[in-house]
Amino acid sequence: MSYEIKKVAVLGAGVMGATIAAHLTNAGIECCLLDIIPFELTEADKKKGLTEKSPAWRNRFAENGLAGAIKSKPSAFYNKKNASMIKTGNFEDNLNMLADVDLVIEVVIENLKIKQDLFAKVEKIVRDTCIVTTNTSGIPIKDISAKFSPKLKERFLGMHFFNPPRYMKLLEIIPGEKTKKAVVDYMVKFCESVLGKGVVVCKDRPNFIGNRIGSFDMSNAAHVMFSKGLKIEELDAIISKPLGRPSSAVFGTIDLVGLDTGFHVSKNLYDAVPDDEMREYFKPNELIQKMIENKWLGNKAGQGYYKRTKDEKGKKIKLVLDYKKMEYVVPTKPKFESIEAAKKTEGGFADKLKVLFNGTDLAAEVAREYLCNNFIYAANRVPEISDTIIGIDNAMKWGYNHQLGPFETWDAVGVKEAVQVMKKLKLKVPKKIEDMLKAGHKSFYVKKKDGKYYYNFAKKGYVKLEENPKIILLPSLKERKKIVKSNPGATLTDIGDGVACLEFHTKMNAIEENLTIMLAESCDIVEKDFVGMVVANHATNFSVGANIFFVLDAAQKKQWDLIGKGIEALQNANMRMKYLAKPVVTAPAGMALGGGCEMAMHGARCQPHGETYIGLVEVGVGLIPAGGGVKELMVRCTEGIPGGAVEDGMNLQQIYVKVFQNIAMAKVSTSAAEGMELGYIRKTDGISLSRDQHIWDAKQVVLGLAKFYKKPRPAMIPVMGENFRGLIDAALYNMRQGNFVSDYDVHVSRKVAYIISGGDCAEGTWVSEQEILDLEKEAFISLLGEAKTHERIVHMLNTGKPLRN
Amino acid sequence: MRDAVIVESVRSPGGRAKRGGLASTRADEYGIQVVKGLLARVPKVKPEEIDDLIVGCAFPEHETGMNLGKIIALGAGLSESTSGMTVNRFCSSGLQAIADATAKIRAGWSDVIIAGGCETMSHIPMGGSSMRPMPDYPWDKPYAYVSMGITAENIAANYKLTREDLDKFGLESNRRAYEAIKAGKFKEEIIPIQAYKYKVKNGKRVRETMVFDTDDGVRWPATLEDMAKLKSPFRAGGSSTAGNSSQMTDGAAFALVMSADRAKELDLKPLARLAYYAIAGCKPEEMGIGPSVAVPKVLKLAGLKTTDIDLFEFNEAFASQALYSVRKLGLEERYWKGDINPNGGAIALGHPLGCTGAKLTAQILHEAKRRNAKRCIVTMCIGGGMGAAGIYEML
């Protein structure tokens with residue numbers, strides 16, 4: 001039987017339930033979101049005229065949950081309009097909504113009896129192809145499904161999202177004993193390709209993988225802190241960036257999650273794992289018990305390990321808990337020699353980590369003890385919670401934002417070296433590790449010619465990592481000599497089936513000469529030798545825009561010709577890409593700003609990742625988009641106008657005011673879907689949710705287009721001419737009078753308005769793309785001659801923030 | 001010279017723009033209904049006797065375009081012989097229409113005219129939907145295009161009105177309007193409108209008609225503390241807010257103006273006459289001071305002093321400009337006494353731009369009747385830098 005999920009029911013509309021439903025709509029899936037009926041009608045309800053029959057009252061919990069998801073920050077929805085894809089209801093009146101769903105996700109309170117009772121009702125309604133899941137994080141799958149019919153057991157599994165579901169990559173799939181393999185396989189594929197998650201298949205063991213290892217990790221950190229007598233901010237300074245952990249560090253993360261939540265997870269674990277050799281670590285310590293009594297539950301309570309407040313001058317400050325005195329104090333600024341030394345070390349993260357691990361100060365001591373405890377605990381959990389080390393590494397990377405999983409970290413500091421430290425610390429080295437080293441295996445992962453291998457404890461040898469054909473990894477293709485052409489700015493790689501991929505690799509993927517050259521050359525090569533091209537990369541950000549350092553340098557030297565040529569080269573490369581005889585699909589992810597946005601806009605199609613933050617932000621440095629950004633946004637926003645409408649007097653004002661606002665206010669989308677609302681991405685383009693499969697997706701679009709591809713006809717753009725300038729001038733005058741903009745903001749904005757106006761022409765004139773490109777260039781060079789633009793660039797280079805001058 | 005008199009003066013309720021009672025209803029539709037309601041109150045006047053219909057409208061486009069005057073005349077069932085005209089002097093348009101009608105009748109050029117104003121702020125944005133300021137001109141000399149909010153902020157800043165002054169004024173406007181509605185004071189002057197709204201019922205879009213008969217913009221109860229929390233949308237750190245500025249409103253109001261002779265022939269009891277009307281210019285960026293120059297001008301024409309006037313309607317475009325004008329004319333005490341805007345102003349009841357002059361006329365004439373006042377003034381500021389003022393003598 002094949003499965004297909006088109007409609008989902010989410011049962012339970014708490015924060016997790018509602019935000020899971022929100023993420024399903026991000027993937028284009030309709031949901032219903034149900035919860036219980038409120039316990040009683042309040043006086044306020046009665047005043048509003050509500051009765052126990054009013055749907056507004058009966059559906060309140062689900063409605064409130066949805067409203068919370070709409071308001072959540074960071075946003076649970078790609079586009080708040082998606083909320084209309086969620087139907088709300090309650091368990092008593094609306095369970096019939098489950099009759100035509102393909103997937104049920106239960107997210108109600110962590111209470112076995114309540115879950116069992118609910119599933120008993122669900123079982124009677126769902127059809128026999130419906131996959132039924134629970135998002136439990138602590139109750140065994142076996143217990144929840146104990147009373148299920150054998151048929152339902154085959155379609156039941158744990159589906160454990162991490163909070164917030166839109167942003168956290170990890171999703172744990174926990175099959176029950178009777179779950180059909182086809183169901184598990186389908187769900188893994190669905191969660192990866194459709195929901196964009198990183199799936200780890202777990203055993204039905206307490207807290208599964210992420211929260212088992214994660215709870216230990218946190219408890220371990222706290223134990224080290226107490227035993228070494230460290231302050232909270234000292235521990236957080238060590239177990240954060242220096243060890244490849246999120247900057248919220250240990251206690252900042254607990255504050256974020258909530259102390260009560262962490263407390264319950266640990267307590268649940270303590271009761272559930274009587275045989276765990278480190279069980280005592282899960283016993284809540286005195287400090288956390290006292291804090292929970294005081295209701296210092298973390299960010300949601302306004303205070304936890306840290307407290308955000310204001311000083312006498314009203315300036316925002318962050319205090320830290322002095323746990324000896326139980327009062328909040330101004331944090332010290334801990335500095336450690338070994339951490340400083342690691343920072344200065346050349347090379348990758350592994351090299352820096354090694355320096356810290358081998359240091360001689362307190363920070364190194366803490367890092368060693370903490371990491372070694374973690375290593376041992378993780379090794380002892382194989383095969384108890386996971387048959388392989390990969391599941392554990394992935395869970396910690398995707399669910400806890402660790403840069404490396406425990407085994408990868410162990411590899412980084414050296415397996416043997418760490419074992420020596422363990423012995424010095426009198427820690428019990430797991431036998432399987434001793435065996436592994438004795439057999440001459442020096443690391444958990446090895447690279448061989450045909451791919452990556454991992455060490456399998458059961459097989460006492462290396463096993464090849466399964467490759468997913470949908471995951472295209474550019475570095476591995478490069479190693480396999482698939483490079484077509486390369487320079488220091490970018491590389492064109494053959495990704496198979498006649499498709500090439502242009503990858504940027506300058507610092508932060510900033511656009512500079514090499515990159516532009518490579519783009520132009522790639523176009524030539526692709527036109528001749530390939531069926532099409534993908535423009536994508538694996539970096540956090542597609543591109544943060546032009547390298548403003550070079551731009552400033554040239555401007556200070558008054559190299560106007562050079563700047564002009566640079567702009568032309570970028571414009572020409574973008575235009576060449578747009579009008580190439582072969583289809584180009586741009587695949588932005590993360591930030592696509594300024595020049596990066598312009599490049600993303602100049603493909604035949606764009607296939608953005610859901611988390612694409614796109615916008616033309618040049619005004620922040622006193623410039624305007626000059627690589628075709630203004631031009632292309634004008635094309636996008638007017639291309640659907642029917643023939644003759646402009647000639648009949650169509651009012652372009654509202655369209656171009658939006659174009660102007662996007663650029664003059666440097667608007668950046670918070671998702672690809674919002675990028676479509678702003679006009680940077682066409683609404684007909686597809687959005688990929690899986691970052692791993694993003695390049696593969698874009699490649700499929702190229703292959704599809706390539707079949708019947710014809711390059712587009714040159715665009716003509718209807719403009720408003722001088723009237724647009726008048727319109728914007730009047731608006732700017734009022735904004736200036738209102739002190740919402742500075743004189744220089746006005747100056748730059750008027751340049752933007754002049755470009756959008758199409759130059760000195762009448763309203764309703766059709767202009768060519770080149771005419772707008774020329775206006776962009778002229779405005780760009782003129783602004784580069786202004787001292788205030790220089791100040792803005794310098795400020796951005798120094799602080800990373802825009803200057804309002 | 002012939003005498004021209006106002007026989008009846010009525011208005012629709014003010015509906016909050018976008019959300020209120022007239023938000024979905026077309027302006028020509030409720031304009032027509034107000035004229036029909038006006039005629040129904042004076043059955044002795046036959047439709048074919050109406051010589052002209054003058055309507056004031058600040059943004060005469062969309063449904064209020066195509067010469068709204070003639071459209072309303074036809075829609076209200078007036079005869080083919082009735083003409084129609086649209087006049088625009090922004091916020092004084094409604095008063096201007098009545099003044100123009102009065103002048104025509106006095107000159108002997110016409111006998112019976114319906115004059116008033118009609119505006120939809122729900123359907124047409126401030127500035128109109130295709131505003132085209134002159135390129136280059138506005139930047140160097142942007143006065144004509146300066147936003148009304150900026151002019152309000154300028155007045156507060158230039159003449160040192162405090163935020164508290166403005167909020168108190170705004171609060172008082174709402175309180176007075178609330179009391180007036182509660183006492184049923186507006187019932188006499190209001191023509192209930194058969195308004196419509198669009199809804200979805202059983203999956204089908206339907207148009208539902210309902211009676212709209214009460215001004216819906218009043219915000220009461222309110223407190224100064226609530227008002228202090230609002231921020232100025234016009235100027236960073238400014239003092240004009242949604243709480244002390246006029247509301248965007250939909251509405252229509254009309255008066256029946258005729259020669260005194262004709263009124264006598266028909267045995268009609270005239271309500272009042274617009275005895276004097278003046279318009280005065282001022283700085284565009286301080287357009288709100290308009291009443292402070294227009295009122296002295298009209299008083300001079302009449303040879304009167306403010307003490308000769310029993311009742312005033314100062315249009316409350318913004319608390320800053322209204323309060324400034326009241327103070328400048330030395331009338332603040334009379335404001336608190338209740339001689340000025342006794343039933344609340346545009347901050348609570350709304351300011352439907354081109355309709356306002358006719359709307360305030362309906363309000364003040366009926367109030368003057370109630371309190372047996374002899375003379376009253378309607379005055380307002382006008383975008384671009386003007387003030388208008390008219391003296392009504394009660395008959």
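1. Domain bounds here come from an automatic or database domain assignment, and the model to which they are applied is a predicted one. For chain B that assignment gives two domains, of which domain 1 is made up of 4-124 + 190-216 + 246-272 and domain 2 of 137-187 + 275-394. Taken over C-alpha atoms, the centres of domain 1 of chain B and domain 2 of chain B are separated by 22 Å.

2. Where these domains meet, domain 1 of chain B contributes 40 residues to the contact and domain 2 of chain B contributes 36 residues. On the side of domain 1 of chain B that touches domain 2 of chain B, at least two residues each are supplied by β1 (4-11), α3 (93-106), β5 (112-119) and β8 (249-259) of chain B. Sorted by class, the residues of that side of domain 1 of chain B comprise 19 nonpolar, 15 polar and six charged.

3. Turning to chain A, the assignment gives four domains, namely domain 1 (7-201), domain 2 (210-462), domain 3 (469-617 + 669-711) and domain 4 (618-667 + 713-805). Between domain 1 of chain A and domain 2 of chain A, the C-alpha centres are 32 Å apart, and the contact pairs nine residues of domain 1 of chain A with nine residues of domain 2 of chain A. The elements giving two or more residues to the side of domain 1 of chain A that touches domain 2 of chain A are β7 (170-175) and β8 (198-201) of chain A, and by class that side has four nonpolar, three polar and two charged residues.

4. A helix pair in chain A also deserves a look: the axes of α27 (residues 653-664) of chain A and α31 (residues 743-757) of chain A come within 10 Å and cross at roughly 140°, which makes α27(A) oblique to α31(A). The crossing of α27(A) and α31(A) is right-handed.

5. Which residues bring α27(A) and α31(A) together? From α27(A) they are Tyr656(A), Val659(A), Phe660(A), Ile663(A) and Ala664(A), and these meet Ser749(A), Val752(A), Ala753(A) and Ile756(A) in α31(A). The residues of the contact of α27(A) with α31(A) are divided into eight nonpolar, one polar and no charged.

6. Finally, the contact between the chains takes 17 residues from chain B and 15 residues from chain A. On the side of chain B that touches chain A, the residues divide into 12 nonpolar, three polar and two charged.

Definitions and conventions: Residues are numbered from 1 along each chain as its sequence is written. Chains are lettered from A and ligands numbered from 1 in the order in which they are written. This is a predicted model: local features need pLDDT of at least 70, side-chain atom pairs count only at pLDDT 80 or more; totals for chains, interfaces and linings use all residues. Two residues are in contact if their C-beta atoms, placed from the backbone, lie within 7 Å. Helices (H or I, at least four residues) and strands (E, at least two) are DSSP runs, numbered from the N terminus. Ala, Val, Leu, Ile, Met, Phe, Trp, Tyr, Cys and Pro count as nonpolar, Asp, Glu, Lys and Arg as charged, and the others, Gly among them, as polar. Axes are lines fitted to C-alpha atoms, for helices over the stretch in contact, and angles run from 0 to 180 degrees between N-to-C directions. Angles under 35 degrees count as roughly parallel, over 145 as roughly antiparallel, 65 to 115 as roughly perpendicular and the rest as oblique. A crossing is left-handed if the near helix is turned anticlockwise from the far one by less than a right angle, and right-handed if clockwise.
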